[in-house]
Amino acid sequence: MSPRDIAIHDLTMKEAARAASGKRVDLLLIADMVAPGSRVLDVGSGDGELLELLATTRGCDARGIELSREGVNAGVARGLAIIQGDADLDLADYPDGAFDYVILSQTIQATRRPKWVLEQMLRVGRRAIVSFPNFGFWRLRLDLLVNGRMPSSDNLPYSWHDTPNIHFCTIRDFVDLVGEVDARIERATALNASGYPVRVNLPWAVWNLLGEQAVFLLSRGP
Amino acid sequence: MAEGDTTTLERPFFEAARGEADHPHSAVVRFGADAPLPLDAGGMLSPFQIAYQTYGALNAARSNAILLCHALSGDQHAANVHPVTGKPGWWETLVGPGKPIDTDRFFVIASNVLGGCLGTTGPSSTNPATGQPYGLDLPVVTIRDMVRAQSMLLDHLGIARLLAVVGGSMGGMQVLQWAASYPERVFAAMPIATAARHSAQNIAFHEVGRQAVMADPDWRAGRYLVEGTSPRRGLAVARMAAHITYMSDGSLHRKFGRRLQDRDGHTFSFDADFQVESYLRHQGEAFVDRFDANSYLYVTRAMDYFDLAADYGGVLAHAFKGSRTRFCLVSFTSDWLFTTADSRAVVHALNAAGAQVSFAEIDSDKGHDAFLLEEPEFSAITRGFIDAAARAVGVA
């Protein structure tokens, strides 16, 4: 399968302008994949930025799970519905099909069991949206090749021994995982180093080089 | 005091507090024969009365009412000076003008629980059939009975739906019961430091307290008010034991450590050498001056019997099936009486029921009592949750 086989999502000029207003582009992309008025669970919701975006711009019933006490308390104090919990454990407590979308934004690399988490997301939600930093990005590859050290960047600022990110993957690795859990890719977008989508339809291998981040919309079934 | 002495009632519950039982310094609604209260124990309680306080004003749409549910030793005096002790209300950290539960914006109601001793019908109230205090003639009451009585109070006040029901500990049990029994009357529910069922350990602590009361010869099989005695020592011991469970090892250590009370060394006696002993004795004494021993038996029993899932086929999620109430649960890290795990069990059930739920664990070393104390994070969360509910309902 190549990106040509699926609906490639692209930002319109209007959306790109919104992005210039200071909102994280990957969150805008995710919000754009969510149908208005849906029930959404954001796993690893941080301080609730995406939840607020979904509630205010898409009219969603948006809930969050967040590991950090600070994130939960900040979000709940802003009136958002957030549960303090651990994606690696607590997704099991949700009933099948409880949500239209389950979102994992920039978090899958920090889970202990990425495959299990992805399976749970597709059980709890009819669709899953996953965004993650692409470790196949050319600059990271170059960094390792030239410097011989674990890459770090603005998006990946941690040192190897003190990082929450224990399961990095590349876009191609993730596409393999999607196949392993029998999910279908409905849309995919790669963001380049400037935070804008890689616009052209190219093979995964090229996305894997040019994309600093990727956002995937998945559904159940092959 | 020599063993076997009858306690003389110098600062008796009999007078100041006893007076509150029938004629409280509060608003009172009396329900006559036309409005009996059905009890879980069977039969009806009639007549009965509810004593309550209100703060703030009900808006024209009747949409800004918040009900506060008090804990075991609390009462309706949540945000005013207590008529018996002269101390500030028990939730003035959270309730008042400009505070998270803002009495400038919301109509806040706090009622004394059924079985209590500050003006709602309880064992120290006068039994109209005999003209004497009920004592143990009052049927045992449950959390659900308390909530049923509160719903009658709301009917009386003309409030169809509450903006929020908020309470900690036993108050949190009432909040959960409210959400289960009257989902359409509760827009938002905030159960704090509580559980959907009382644990074996907590029942055990309560039993120790009750046995201390009943072992006091002045308890007189519950007839102390009629016989003019007071089981002060028993109730004080019960309170001392309970008070330990409301704190944490850390907070006791921080407050008292092994420091001595007004002395330079150990006295090699059983006097209160340690500050912590002196503190507990004081807590016990102060409690006896404001609380009725039989009420302590009734209200602890109500908590013991609480097991919300049991009323719904053993599945807690069924208690909240189809609920449109929004929930915010809060627990405190050092609370070992009502643990984070207890709150999580409720959160899991609410998730399974598809209810809208927030949950936050607050970092505090103050133990179970943290919900009554100054905790900035807890205040911020309460304010955020209540404000969001008010926005959703359109309360200014």
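Contact here means heavy atoms within 4.5 Å. The structure is a predicted model in which local features need pLDDT of at least 70 and side-chain atom pairs count only at pLDDT 80 or more, while totals for chains, interfaces and linings use all residues. Residues are numbered from 1 along each chain as its sequence is written, and side-chain values use heavy atoms, with hydrogens and water left out.

**View 1. Interface of chain A and chain B.** In chain A, 20 residues are in contact with 24 residues of chain B. The buried area (accessible area, 1.4 Å probe, that two parts lose on being put together, summed over both) is about 1700 Å² between these chains, and carbon and sulfur atoms give 48% of it.

**View 2. The salt bridge between R69(A) and E361(B).** The closest N and O atoms of R69(A) and E361(B) are 3.2 Å apart. A salt bridge requires a side-chain nitrogen of Lys or Arg within 4 Å of a carboxyl oxygen of Asp or Glu; three are found across the interface of chain A and chain B.

**View 3. Elements of chain A that touch chain B.** Helix 4 of chain A gives the most, with five residues.

**View 4. Confidence in chain A.** The average pLDDT (the predictor's confidence in each residue, from 0 to 100) of chain A is 85, and 88% of the residues score at least 70. Over residues 2-18 of chain A, pLDDT stays under 50. Where pLDDT is low, the predicted coordinates should not be read in detail.

Methods:
Chains lettered and ligands numbered in written order. Helix = DSSP H or I, 4+ residues; strand = E, 2+ residues; numbered from the N terminus.
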